[in-house]
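Hello,

Here is the structure I promised to pass on to you. Please open it and keep it in view while you read the rest of this email.

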Amino acid sequence: MLDESRRLGGIDIAVIVAYFVIVIGFGLWASLKNRGSVSGYFLGGRSMNFVLVGASLFASNIGSGHFIGLAGSGASTGIGIAAFELNAIFILVLLGWIFVPVYIASGVYTMPEYLRRRFGGQRIRVYLAFLALLLSIFTKVAADLYAGAIFINQAFNWNIYASIVLLLAIAALFTISGGLTAVIWTDFIQTIIMLAGASYLMIVSFIAVGGYGNVLRLFPEAVSRGLFNATSSSSSSVNDSLSASCGRPPDTAFHLIRPLDDILPWPGVIFGLTISSTWYWCTDQVIVQRALASKDYSHAKAGCILAGYLKFLPLWLLVFPGMISRILFPEEVACVDPDECLAVCGSSNGCTNIAYPLLVIRLLPSGARGLMLAVMMSALMSSLTSIFNSSSTIFTMDIWTQIRKNPKDVELMIVSRVFVLFMVAVGIVWIPVVGNFSELFHYIQSVSCYLSPPICAVYLLAVLWKRTNEQGAFWGLMFGLVAGLVRFGLESAYDSVSCGSEEEDTRPVILKDVHYLHYGIFLFAAVFLITVVVSLLTQPIDSVHLARLTFWNRHSTDKRIDISILDESKNKQKKNEKKSSATNNAGGSTHTNAGFIGDGANSVVTVQPFDLLQNNADKKPVSWKRKVANWICGIEDHPERPELTEKEKEDLERKQTSLEEIPRVRILCNVNAVILLGFGLFFWIYFA
């Protein structure tokens, strides 16, 4: 139980209430402009400036799992875990300069939709959509909920399940009522709160330990007294050595580049991590959707640069404070005896995950403690709202449109909200399972390395090599899926041997000798090779279908014949031919191909009009209940917005897919990108 000094006071409660009022108010106010359309709900009306985009990219990535996971890993092994953050600096530039221009020029909403236009067919798009939904629900949501539960339980002794259900409900409210505009605005506010609160705690922590120099001097010796008891009672000199090494920080605690036998070996950090980061930052819907919401290409690049600069902060705001927590509270954070650890944090595998909560509890006064709870709520809310919005976009645009052809705007928006409720329900059901994972952060990284390298390989080839076709991409992905699931299945079937244990390691060689980052490198190379070979052995895609779908022709002004439309046209024609032959109509078929005009290469899709409201003549008085339901679903009348003509729609689409830049702004972005890369390289060299 918590003592009185660690309980929430009136000031703490006031800070938390003020946080919710400000964030909800800003988010809902900002969403009013873009609530009545699919583009407004899913891409924020493509009107976000670079500050909002950069802040949202950062906030969407830094969830409560980072506060617990990065600080906990820092307390355990030093700054090595910061490689995940510093690596992202380079990948964000790759996103802004290589991938985003292709996505903007292609005019897509989702990443599976891009592959649909790039390759045609449905199987790749549907496969990636389901995979993305599974990863979002069972890894991202699970990680944030688990980390948030640790913080709330350690800091305030609240009921974990009730707290998480409340946070899920509020996150769902943001997403359901506002769409991406509300999500991005709440991300912006929450980024400010996160940076302010975490910066304050960082300063207090460094003051408490006596400065950076003392961190370098004291961290290698920050061990629990239980370590000496364990080694003195050991009956074996070998076990004594193992126990001592397990209870102490590694000799490479202040290095990013580490030997092959380390928990983060250098080939995996340099190559394997780059592959996983490219998948996450350049092809994951949660991240890319923020960049696509930019008002133009320059703002998208500037947003990536801003997010890159912000990625320098986690090393100082999270990793070093985690190390300081071990120095200040070694008996709890660095406990080695399983029974003692169980009493301290409820886990017999170690208590480094409570490093950050302990700093909040022990170092911060009343009021500031409430601010840090608001920070953790901010991180959790940002991550969950981003996941809810992006996942509902994928389900609605990539899966529901396969179930219901030519749906209206109102149907798409209602379905997206209902799917958010479904994700909330799954998240609540998943809560009891979350606590079963002893090392959730590394678990999620390993799962990503088993599933993400094939996706990374296919997207890279799709964007950079026009010869890549659907057959090559599909069979490459299938091999990667099978190989990844085999490794994941073996990982789940065998229990790992804890450090210092006298048990024999009976796991297969592929588990105990092949690091998950190294396995990711193998998967990437294999899928890359298979995709190239199969593509070369099969028929290429005609260039008329590839305009503005690769990096090399992103500025093309040629008219693109959408290969996905041709596929749908051919499928409908085949169905109609079967129907006409079944009726034995001697006079010939008189069917109508609804939604299509013409045939073959000249087929054109006609989309149903987005009639959100009935004609004025047919309108009837609407009850207050219906008005509330319409508001929640984003179905609102905007009389100030006249219906666009066909030419105006074409002009709007041309503007949203334009890559034109003001020369001065383009130069400014390029110079900042070079400066950002220079700073990133300096950090890697300094801490190598």
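Below is what I found, going from the whole protein to single residues.

Please keep in mind that this is a predicted model. The protein has 29 helices and two strands. Of its 688 residues, 55% are buried. If you take the contacts between residues at least 6 apart in sequence, 83% of them join residues at least 24 apart.

Now for a residue on the inside. Y103 sits in helix 5, which covers residues 83-106. With a relative accessible area of 0%, Y103 is buried, because buried means under 20%. Beyond its neighbours within four places in sequence, Y103 is in contact with several residues, including M111, C282, L292 and Y459. The C-alpha atom of Y103 is also 8.6 Å from that of T657, although the two are 554 residues apart along the chain.

T401 is another one to look at, in helix 20 (residues 368-403). T401 has a relative accessible area of 16% and is buried. Its contacts, leaving aside neighbours within four places in sequence, are R125, T396, P407 and L412.

I270 belongs to helix 13 (residues 266-283) and counts as partly exposed, at 35% relative accessibility.

How many salt bridges does a search of the whole structure find? The search finds eight, and here are some of them.

- K311 and E85 meet through their side chains at 2.3 Å, N to O. K311 lies in the loop between helix 15 and helix 16 while E85 is in helix 5, so this pair ties together parts 226 residues apart in sequence. K311 is buried at 1% relative accessible area, and E85 is buried at 5%.
- E113 and R117 form a salt bridge at 3.2 Å, N to O. They are separated by about one helical turn because they are four residues apart in helix 6. Both E113 and R117 are buried.
- R248 and E221 form a salt bridge at 3.5 Å, N to O. Each lies in a loop, R248 between helix 12 and helix 13 and E221 between helix 10 and helix 11, so the pair links parts 27 residues apart in sequence. R248 is partly exposed at 30%, whereas E221 is exposed at 55%.

Terms used: Residues numbered from 1 in each chain as written. Predicted model: local features only at pLDDT ≥ 70, side-chain atom pairs only at ≥ 80, totals over all residues. Heavy atoms only, no water. Buried < 20%, exposed > 50% of the residue type's maximum accessible area, 1.4 Å probe, protein only. Contact = heavy atoms within 4.5 Å. Salt bridge = Lys/Arg side-chain N within 4 Å of Asp/Glu carboxyl O.
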